[in-house]
Amino acid sequence: MEFPVYLIGYMGAGKTTAGRLLADKLGWHFVDLDDAFEQIHGLTTAEYIRTYGLEAFRKKEKYVVEDLADTPYEHVIYATGGGYPCWEDNMDCLKELGTSFYIRWAPEHLAKRLSLTDLSERPVLQGRTEEELLAFIAPQLEEREPYYSQANYIIDVDECTELSDEQIAERIYQMIKNKS
Ligand code: S3P
């Protein structure tokens, strides 16, 4: 298996939570690329999108991911921003840089999970009810699916009747252990 590992998927899929748990289990480093973006640009991804717009954000986000791939640590788990893999050739970049895991949920479950979180840090979803979230997420997920599904491995959460973040981390852990 090629290192580093990238966790991809829609907002609310558990990339950050499962990624941290996974990195702990493996004793690897964990980097949330939204946090890295904030450290580099001095604005959260939400603030950046509100100030400069989504297009400008995507351009900067691309460089953050590519620059950070040049790390002295071989064993790193990266949680990417939800839209990153679906912009320009980003999915090809991920495949060249390392191994990607797509945490796949049905839109109904994502809408439910996201409705239970503070959406103020997610400008594209902010202010929407669970029903409105579903109406927004379902078509966007359909557009993003062809990119996400190019991942090296897919964790189909819904087929397993909703795994917890710990179970998602355990799944990926076992996959990494078996492949390396
Ligand atoms: C986005 C997802 C966010 C963040 C930005 C845009 C998206 O990351 O990068 O708000 O378009 O899906 P998370 O998936 O980590 O929340």
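Colleague: In what order do the elements of the protein run from the N terminus on?

Modeller: This is a predicted model, and its elements go β-α-β-α-α-α-β-α-β-α-α-β-α. That comes to eight helices and five strands.

Colleague: Why do you say that the buried residues of α3 line one face of the helix?

Modeller: Start with who they are: T45, Y48 and I49 are buried in α3. Looking down the helix axis, you'd find them within an arc of 95 degrees, so they line one face. These buried residues pack against α2 (33–41) and α4 (54–68).

Colleague: What does α3 bring to the shell around the ligand?

Modeller: The largest share, three residues. The surrounding residues include T45, A46 and I49, along with K15, D34 and R122. By type, the shell divides into four nonpolar, four polar and three charged residues.

Colleague: How do you know that I168 is in contact with I103?

Modeller: The cut-off is 7 Å between C-beta atoms, and I103 is one of the residues that I168 is in contact with, G14 and L163 being others. Both I103 and I168 are also among the four residues that touch the most other members of the largest nonpolar core, together with L7 and F101. That core has 41 residues.

Definitions and conventions: Residues numbered from 1 in each chain as written. Predicted model: local features only at pLDDT ≥ 70, side-chain atom pairs only at ≥ 80, totals over all residues. Core = buried A, V, L, I, M, F, W, Y, C linked by C-beta atoms within 7 Å. Buried ≥ 20, exposed ≤ 12 C-beta atoms within 10 Å, placed from the backbone. Contact = placed C-beta atoms within 7 Å. Near = placed C-beta within 6 Å. Helix = DSSP H or I, 4+ residues; strand = E, 2+ residues; numbered from the N terminus. Nonpolar A, V, L, I, M, F, W, Y, C, P; charged D, E, K, R; others polar. Arc of directions from axis to C-beta. Lists of a residue's contacts leave out its neighbours within four places in sequence.
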